[in-house]
Amino acid sequence: MEKIIIEPNIGIGTIKIGMSKAEVENCLQAYTDKFNKSLQDDDYFHYAFKVEYDSDGRVNFIEAASHIKDDFHCLMNGIDVFNTKAEELIKIVDELSPYDRQHPELGWMYSFPKLGLKFWRSSIFNEKDTLEDRFKEMPPENQEEELRFQFFETVSISS
């Protein structure tokens, strides 16, 4: 499986903070050209990455969505950020640089200001939640849905 490297304060994959829109389009096209045959979707990378620009037209935010985890390992310091449970991932990254413990969305969002790094998930679910009656009484398909929230849905780098 191919790798997309997440570099704090720098970028995600070949898309880097400070690039122009044209440079980003070239990166997305290069990904599409390289992987089109295996992915069968010309717009795959346009949906995989969200990129925002500053007033000068330079990248100031890059986000990767977890749906790419089926096709790519998204690695930061060798850690697969979409296949590592949120609680474990936060402990590991917190040792590199502390997260903002006052963030208003803590639990859903973990922000590491010195790294320009954020992880986000739309719902909070932890291992201990599997022991609760509420979870045990759910139909299997609902349990499966809840279990996915043990992992983050996006990772982002910003300037």
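Predicted model: local features only at pLDDT ≥ 70, side-chain atom pairs only at ≥ 80, totals over all residues.
A search of the whole structure turns up 0 disulfides.

**Cysteines**

- For a bond to be counted, the two sulfur atoms would have to lie within 2.5 Å.
- Cys27 counts as buried, at 10% relative accessibility.
- Cys74 is buried as well, with a relative accessibility of 2%.

**The sheet**

- Five strands make up an open sheet in the order β4-β5-β10-β9-β8, with antiparallel pairing.
- At its edges are β4 and β8, each of which pairs on one side only.
- On average, neighbouring strands of this sheet are turned by 15° against each other, ignoring direction.
- β4 and β5 run antiparallel and are joined by 5 bridges. Along this pairing, Glu52 stands opposite Phe61 in β5.
- The hairpin of β4 and β5 has 5 residues between the strands, and there Gly57 takes a positive phi near 80°.
- β5 also pairs with β10 (residues 154-158), again in the antiparallel sense and over 5 bridges.
- Two facing pairs can be picked out between these strands: Ile62 stands opposite Ile157 in β10, and Glu63 has Ser156 in β10 as its bridge partner.
- How enclosed is β5 by the rest of the structure? Largely so, because 6 of its 7 residues are buried.

**The nonpolar core**

- The largest nonpolar core holds 37 residues, and Phe49, Leu117 and Phe119 are those with the most contacts inside it.
- Helix α1 supplies the largest share of this core, with 5 residues.
- Which residues does Phe49 touch, leaving aside neighbours within four places in sequence? Its contacts are Ile4, Ile12, Ile15, Leu28, Tyr31, Ile62, Glu63 and Ala64.

**Salt bridges**

- Side chains of opposite charge can pair when their charged atoms come close. In this model, the search of the whole structure finds 8 salt bridges.
- Glu7 and Lys16 meet through their side chains in one of them, at 2.6 Å from N to O. Both ends are partly exposed: Glu7 has a relative accessibility of 28%, and Lys16 has 23%.
- Glu23 forms a salt bridge with Arg58, where the closest N and O atoms are 3.4 Å apart. Glu23 belongs to helix α1 (residues 21-39) and Arg58 to the loop between β4 (49-53) and β5 (59-65), so this pair ties together parts that are 35 residues apart in sequence.
- Glu23 is partly exposed at 36% relative accessible area, as is Arg58 at 37%.
- The side chains of Lys85 and Glu127 meet at 2.5 Å, N to O, in another salt bridge. Lys85 sits in the loop between β7 (79-80) and α3 (86-96), while Glu127 is in the loop between β9 and α4 (133-136); the pair therefore ties together parts 42 residues apart in sequence.
- Lys85 has a relative accessible area of 34% and is partly exposed; Glu127, at 41%, counts as partly exposed too.
- Glu145, Arg148 and Glu153 are linked in a network of salt bridges.

**A loop residue to look up: Leu115**

- Leu115 lies in the loop between β8 (109-112) and β9 (117-120).
- Is Leu115 buried or exposed? Leu115 is buried, with a relative accessible area of 15%, which is under the 20% cut-off.
- Not counting residues up to four places away in sequence, Leu115 touches Pro8, Asn9, Val93 and Ser97.
- From Leu115 to Gln143 is 28 residues in sequence and 34 Å in space, C-alpha to C-alpha.

Technical notes: Residues numbered from 1 in each chain as written. Heavy atoms only, no water. Helix = DSSP H or I, 4+ residues; strand = E, 2+ residues; numbered from the N terminus. Buried < 20%, exposed > 50% of the residue type's maximum accessible area, 1.4 Å probe, protein only. Contact = heavy atoms within 4.5 Å. Salt bridge = Lys/Arg side-chain N within 4 Å of Asp/Glu carboxyl O. Core = buried A, V, L, I, M, F, W, Y, C linked by side-chain atoms within 4.5 Å. Pairing = 2+ DSSP bridges. Axes fitted to C-alpha atoms, helices over the stretch in contact; angles between N-to-C directions.
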